[in-house]
Amino acid sequence: MAAHLKKRVYEEFSKVVQIPHEEAPAKKLRLSKPSKSAALHVDLCKATNSTEALQYLLQFARKPVEAESVEGVIRILLEHYYKETDSSVRLKIASLLGLLSKTNGFSPDCIVDDAINTLSNEKSHQVLAQLLDTLLVIGAQLPESPAVRLRLVDVAYKHLSDTYFGVRNKCLQLLGCLGLVDTPLSKDGEGPGSSQGGARDVQSIISNYFADQDPRVRTAALKAMLQLHERGMKIHQIIYEQACRLLSDDYEQVRSAAVQMVWVLSQLYPESIVPIPSSNEEIRLVDDAFGKISHMVSDGSWMVRVQAAKTLGSMLQVSPHFLEQTLDKKLMSDLRRKRTAHERAKELFASGEFSSGRKWADDAPKEKLDTNTVNLIASGACGAFVHGLEDEMFEVRIAAVEALCQLARSSPSFAEKCLDFLVDMFNDEIEEVRLQSIHVLREISTHITLREDQLDTVLAVLEDSSRDIREALHELLCYTNVSTKECIQLALLELLKNLNKYPTDRNSVWKCLKFLGSRHPTLVLPLVPELLSTHPYFDTPEPDMDDPAYIAVLVLVFNAAKSCPTMPALFSDHTFRHYAYLRDSLSHLVPPLRLPGRKQVYSLDSVDSSSGSGSVESAQLFLQQSLDRVSTIQNLETPGAQDLLNFTIRDLRRLGELQTELAGAADFCATYLRCQLLLMKALQEKLWNMAVPLCLKQNVTATAAAQQILEETYKLEFLYSGLESRQVATIHHVRLQAKALQLILTARTRQRLDLLSSSCEKFLQEVESFRRLFPSELPHFQDSFVEKLLDVMPRLLSCKPAELVKILQTTLRQSGLLQLRLPQQIHRATATIIEPTGESDNPLRFTSGLVVALDIDATLEHVQDPQSTIKVQILYPDGQSHVIHPKPGDFRKPGPNRHRLITQVYLSHTAWTEPSHVEVRLLLAYSSSSPPSKLGWSDSIDGLPPTEPAVEGTIPFSKPVKVLIMPKPARR
Amino acid sequence: MPEIKVTPLGAGQDVGRSCILVSIGGKNIMLDCGMHMGYNDDRRFPDFSYIVQNSRLTDFLDCVIISHFHLDHCGALPYMSEMVGYDGPIYMTHPTKAICPILLEDFRKITVDKKGETNFFTSQMIKDCMKKVIPLNLHQTVQVDDELEIKAYYAGHVLGAAMVHIKVGSESVVYTGDYNMTPDRHLGAAWIDKCRPDILISESTYATTIRDSKRCRERDFLKKVHESIERGGKVLIPVFALGRAQELCILLETFWERMNLKAPIYFSTGLTEKANHYYKLFITWTNQKIRKTFVQRNMFEFKHIKAFDRSYADNPGPMVVFATPGMLHAGQSLQIFKKWAGNEKNMVIMPGYCVQGTIGHKILNGQRKLEMEGRTTLDVKLQVEYMSFSAHADAKGIMQLIRMAEPRNMLLVHGEAVKMEFLKGKIEQEFSIDCYMPANGETTTITTNPSVPVDMSLSLLKREMALGGPLPDPKKPRTMHGTLIMKENSLKLVSSEQALKELGLNEYQLRFTCRVQLQDPHSDVDTLHRIYTHLKNVLKGYTIQHLPDSTVMVESIVIKVTSSAEDSSTKVLLLSWSYQDEDLGSYLSSLLKKGLPSGLC
């Protein structure tokens, strides 16, 4: 049946396509109705009973319908609709109408009338609801036509009083989506009264249904109101009271929607004043709403609790004393009165009316207090967060933590207060919550200074066995301020303990101490003698330089010494030696210091550090100047050009090493220039003048150069982030040149014509695609290789391969050096493998044939979308290589542009007799729009073993790490 | 007026021996059947003779409901069912049913085997008693009989603790048992829907306490234990075998796991192993974390916590020991305490309430020298810490539950009278509902105002709906006409025609007629017309017709005019209306009696 239907529909389509050619499409379509949708028509006529008809319709619904035939189909459906007696079939037709009017390219305004007509004599409520849904779809498709909207809204008004909840629901939805919003616009045109009245109407009508007997309708009414708000209508403040009443509804979905509604209104009218029931005082609306929503944090339904907790976070205008109540569970009094009442209540509690349960027998009954001033739950804000953070469902807890974060970021005093609670959350039973609270604390840590006892609790978490938690905590410590030197000592002690317990945390701990030191130089100063265990009279033994704990202490001290010039005086001799060593080996952790008597040695460094940002500017200037200088080279064959390039490349490389800010840009330029240099060299080879058979050897170097340029261009394109399309075009241009070179070389060595012609074709295609890819960049390529090629394109297309090669050769040799424009922000993707370190002499032993897991820990910087691009390559000594794709879950994102890969790779091999190294490295996979054709490649590098075992479509981008492994034969 | 009567036999202004009788809608229900731990004589059990003097309890009680397995809630059950005699149904949740007999048996062993009491229930009695138990599931409505239905809600507190909603007709009572509104490490928080019962019977152990944040307590606890362990000290935690012990175990277990600690944790007593087994089984009754992670690992399968042996107490090095009983009054916990008390590095943490007179109570109150039996004294040098881990709702929790359930009356049990008084005041002030706190044996009577549901025939409903607006407004009552038929205990509202048909009665129409004399000089026809116009002016919105047969119809009221025989200017108006139009008819007659206004044409 399905096939039949499909066939028929397709037949129709062919006819329909012809018709619009003639005239006004709408009318024509109507005329074509009987013929084109005949399939459906026939099917529906054939159907003897409603079940069968339903079956046909269901089948029909599975196929998409083209825009042109939609109207015809709809006519047929409507025709059948009027005849149909069974409501389920009518329901299906109604839903099909909705589906069909969603078809792209079909404008449903022509069926509005019909759809509305069907409503008028429909008896079944379900069908009615479905029809209204269809109208909703139609209305949504026609946002530009106010007349249709007006009609639909009228329809909605008319059916609002239906007895079936579904119909009322849909009507409210219609009103929400289509109700008139644009009052301010039409105000000028017509009388303000009428338009205002219209808008007013929608709101008051919707709000009438806030008290509907059916909870679903109440929800729909609230949702419709929210929809109006989203569409830009200003909700009236009267609604507030009604919404507040719905907060105590029996049904959770109503309460949830009401929370949203109250929130919206609190954002709209934060400053207006509302009275407090049962007293004659008034407060700001946002405070009132905050109190009410806080109340919902202890709702019976956890969905509502999540909603409420989330919402609280975005109510930033709330008054501070209300905010602070949310953290106080004991403060139960009605804070809405006056400040004095607040304080009085606090005293009441301090005097111990309620016991805290922390001390034994402090709840012994005391004299009765004036209970009127104490109110247990009336003011909802009390302890909202205490409740939220203790909630049974971790979703609520997370929402509460996030809300705390948002609020604390905008209010330092609140941040101070919520500290204790966040610290408590470090002890949550679910790791996600713990992690989240640590992150939150880090975010607000600019506002706070940790006291000793707080730091103590924070540091306790350092012993956590979860690496994520510990690292998040290190990150947190990097940003925290502490108040006393004891804190520093405590932190150092705990960090060393951590280091001792989890040696893998080494880098993270060091980094943490670096920041701790540079943040609190004055606090570290008094600790220095103790930390370095120096003694005024006695020489103490020199500590072991390889001890990570000692390095950690030194990192702390040196970083503090950077901004504390008096500190170096306290150092002993070996400390200076160790400084020199660490400054070299761990330069990212140890800052340059101005040390007495050693100035000349480190002059370069100290100048660097002192000049600060100025040096960046001068380096930038230098970079620009170098590029300018290079650009003077007009012709590749100019004498001295090569030298200039060579020097510039060397300069840029060094610059990149010295100025980390500019490393990306400098590297990028250097690589680009190197490509140019290679190209220049290749073209200057003498081989071009020699006879073909004589120059095989030279040919090899040129081929290798071409190959290398290709590789470099891929690196240029994919390894650097922040490229503009101009640079990408330049890179592609170089690649094109390299390919041209390859082609020429192939032509010279090989005489097989068929092969040559196919590679010529390919090359021309690439030129073409270059033009397609960078149409806007072409004007910048004046006088370049590609422009010249494009000029002669018609000729190239028609000529023979040999001739083409000749043209290419001349063009290539004549083309000048294309200037590189320095990109604004450019970063090189880098990867460092932290683990394995490659230093271990102990081979990893395992039984051959089985697998062994190797832990890999690497940091990646400036890598976009690492989940799909980063791969791990294992290279065995026998040349066998093996690429592993890490799981997306193994990537973490500790900071912007930074990723961390912690994964396990599985190794396996057959038995060896000796332990041997395998190499582990990271690869960056790319997919170029024009991937290098495999045929061309293998042809051109024929006979040459690949210099680097590159994997197709990947760039190796980390230093390989060697791991000693030893697969042993299985013992029997 | 129907009444609900509540009589506490135990737990009235008292903690322990929970046993509450409720009479509702002619049904008698016993809620909990506990014993008092403080007595060893007859006062230990509730006074069942209060219920019936000589006949069997079965005749009087419709069912017994046990909220959870603590002995002060179920300890007297075998005594009541087997020794006093009760054969009716006993309801409890599945975990309670599983764990309850273990505790009862343990209790029996201590009283009979150790203390040598006679006239106590036997193992067989416990078994027989458990046979009468019908298990309950959460949120499952169980029909005890045709009218009485009960439904259990989650209560936190201990594994399997439940609150029960008891309903007869439209009257209902909620009994909370013991409950906890803040979730802990192994159980969730109590929850109930807005069932609006007539009475909410709530425990009030912590009526005057608002506890600190739970995390704060946990952190303190862990920190204290951790510090003590790092110092190389030993930590003793006296606990009751079930409930808090498991929470603390999980707390320590996860902490050990997270922090990679190696010091051993021991748990004394064999009873716990059996109970732990049930904890593993009833995962659905625990909190979110345990429920979600049990597939990977059941949290109750402890890795770090091992069984304790007497000899371990002398082992060197740090350790943590959980030992029973919780108040240090006897048994293993006391033995260990004696061994460790002399070393100031050691620590004892009391996680719960201690009854006056126990060693636990003494050391918590700061006593540093204890007199032991045999005139020896014990110097207490070790650190003593108190940490409330009791899983009862605090004052705020009780208020929260009231807000959730929205009861019409409140009744407090299971708490000290003075504290209750305080909470009672708060509740009355806050919710403006009545709050009661009866003492043991004191009956509280609450009159209810139950709504009586009546079946209404659909045709009548539709007809009435058609008359009024399209939507019934739930907030406004509406009057309607119909006939109420009471037949065989059921009420039915039908239209009068149907009622007549059903009852086989003829329909009679009641019409009122009345004559009104009117002075009007005009002819009959004119008078009628004048009346017509007059009424037309006065009664706007009514259909008034002037019919050709010289009558005026106002709705269904007929007005005719005849001249009186004697005086043609005295007209006699004949008004006739049916019973349904009584209001309008009498209004018309009084209106016409006043005569017609002169200005009419």
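1. Start with a hairpin in chain B: strand 29 of chain B is joined to strand 30 of chain B through 6 residues. Helices (H or I, at least four residues) and strands (E, at least two) are DSSP runs, numbered from the N terminus. The model is predicted: local features need pLDDT of at least 70, side-chain atom pairs count only at pLDDT 80 or more, and totals for chains, interfaces and linings use all residues. Residues are numbered from 1 along each chain as its sequence is written, chains are lettered from A and ligands numbered from 1 in the order in which they are written, and side-chain values use heavy atoms, with hydrogens and water left out.

2. Strand 30 of chain B covers residues 570-578. It pairs with strand 29 (residues 557-563) of chain B through 6 bridges, antiparallel. Strand 26 (residues 511-519) of chain B also runs antiparallel to strand 30 of chain B, with 9 bridges. Two strands pair if DSSP finds at least two bridges between them.

3. Which residue of strand 30 of chain B is the bridge partner of Leu518(B)? That residue is Lys571(B). Lys571(B) is also the bridge partner of Ser563(B). Of the 9 residues in strand 30 of chain B, 8 are buried. Buried means under 20% relative accessible area, exposed over 50%, and partly exposed in between (1.4 Å probe, protein chains only).

4. Now the interface. Chain A gives 67 residues to the contact and chain B gives 63 residues; contact means heavy atoms within 4.5 Å. The two chains bury about 5,700 Å² between them, 50% of it on carbon and sulfur atoms. Buried area is the accessible area (1.4 Å probe) that two parts lose on being put together, summed over both.

5. There are 7 salt bridges between chain A and chain B. A salt bridge is a side-chain nitrogen of Lys or Arg within 4 Å of a carboxyl oxygen of Asp or Glu. One joins Arg219(B) to Asp424(A), at 2.2 Å from N to O. Several helices of chain A give two or more residues to the side that touches chain B, among them helix 20 (384-389), helix 22 (412-425) and helix 26 (485-501). Helix 22 of chain A gives the largest share, 4 residues.

6. A network of salt bridges links Asp250(A), Lys194(B), Arg196(B) and Glu406(B). Over all chains, the count comes to 62 salt bridges.

7. Within chain A, Asp133(A) forms a salt bridge with Lys170(A), with the closest N and O atoms 3.3 Å apart. Asp133(A) sits in helix 8 (residues 125-141) of chain A and Lys170(A) in helix 10 (residues 165-178) of chain A, so the pair ties together parts 37 residues apart in sequence. Both ends are partly exposed: Asp133(A) has a relative accessible area of 22%, and Lys170(A) has 21%.

8. Glu271(A) and Arg284(A) form another salt bridge, with the closest N and O atoms 2.8 Å apart. Buried or partly exposed? Arg284(A) is buried, at 19% relative accessible area. Glu271(A) is partly exposed, at 49%.

9. Last, Arg828(A) forms a salt bridge with Asp667(A), with the closest N and O atoms 3.6 Å apart. Arg828(A) lies in strand 6 (residues 827-828) of chain A and Asp667(A) in helix 35 (residues 663-684) of chain A, so the pair ties together parts 161 residues apart in sequence. Arg828(A) is partly exposed, at 29% relative accessible area.
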